[in-house]
Amino acid sequence: MSTLSLQIPPSLKFTDDEFEQIVEFNKELRLELTASGELIIMSPTGGETGNRNFEIYIDLGIWNRK
């Protein structure tokens, strides 16, 4: 999985609400803001990774119900 990382100047700080607005306006992107102020744009998972994750969720759910 590849990522694109944007360095945010230290003088530019986002509040939680402001970051939520950025995420809301960019729903097609997976955005993360690190503690050091780095804005990370994650690539979406592909079909194979998504299928593996889905199988893990199912297995975990079945195990939990037993």
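Let's start at helix 2, which spans residues 47–65 and includes Ile62. This is a predicted model, in which local features need pLDDT of at least 70, side-chain atom pairs count only at pLDDT 80 or more, and totals for chains, interfaces and linings use all residues. Residues are numbered from 1 along each chain as its sequence is written, and side-chain values use heavy atoms, with hydrogens and water left out.

**Overall layout**
- The protein chain has two helices and three strands; these are DSSP runs numbered from the N terminus, with helices being H or I of at least four residues and strands being E of at least two.
- Along the sequence, the elements of the protein chain come in the order β-α-β-β-α.
- Of its 66 residues, 14% count as buried, where buried means under 20% relative accessible area, exposed over 50%, and partly exposed in between (1.4 Å probe, protein chains only).

**Strands 2 and 3**
- Strand 2 (residues 30–33) and strand 3 run antiparallel and are joined by four bridges; two strands pair if DSSP finds at least two bridges between them.
- Across this pairing, Glu32 stands opposite Ile40 of strand 3.
- The hairpin they form has four residues between the strands, and Gly37 there takes a positive phi near 85 degrees.
- Strand 3 (residues 38–42) is largely enclosed by the rest of the structure, because four of its five residues are buried.

**Surface patches**
- Patches are made of residues with over 30% relative accessible area and no salt bridge, joining like charges within 9 Å and nonpolar side chains (Val, Leu, Ile, Met, Phe, Trp, Tyr) within 5 Å.
- Accessible areas come from the Shrake-Rupley method with a 1.4 Å probe, and for residues only the protein chains shown count as cover.
- Phe54, Ile58 and Ile62 make a nonpolar surface patch of about 270 Å², and Ile62 is partly exposed at 44% relative accessibility.
- Asp16, Asp17, Glu18 and Glu20 form a negative surface patch; Asp and Glu count as negative and Lys and Arg as positive, while His and the chain ends are not counted.
- A charge is placed at NZ of Lys, CZ of Arg, CG of Asp or CD of Glu.
- Asp16 belongs to helix 1 (residues 16–25) and is exposed, with a relative accessible area of 62%.

**The salt bridge**
- The structure holds one salt bridge, meaning a side-chain nitrogen of Lys or Arg within 4 Å of a carboxyl oxygen of Asp or Glu.
- The side chains of Lys27 and Glu24 meet in a salt bridge at 3.0 Å, N to O.
- Lys27 is exposed at 62% relative accessible area, whereas Glu24 is partly exposed at 48%.
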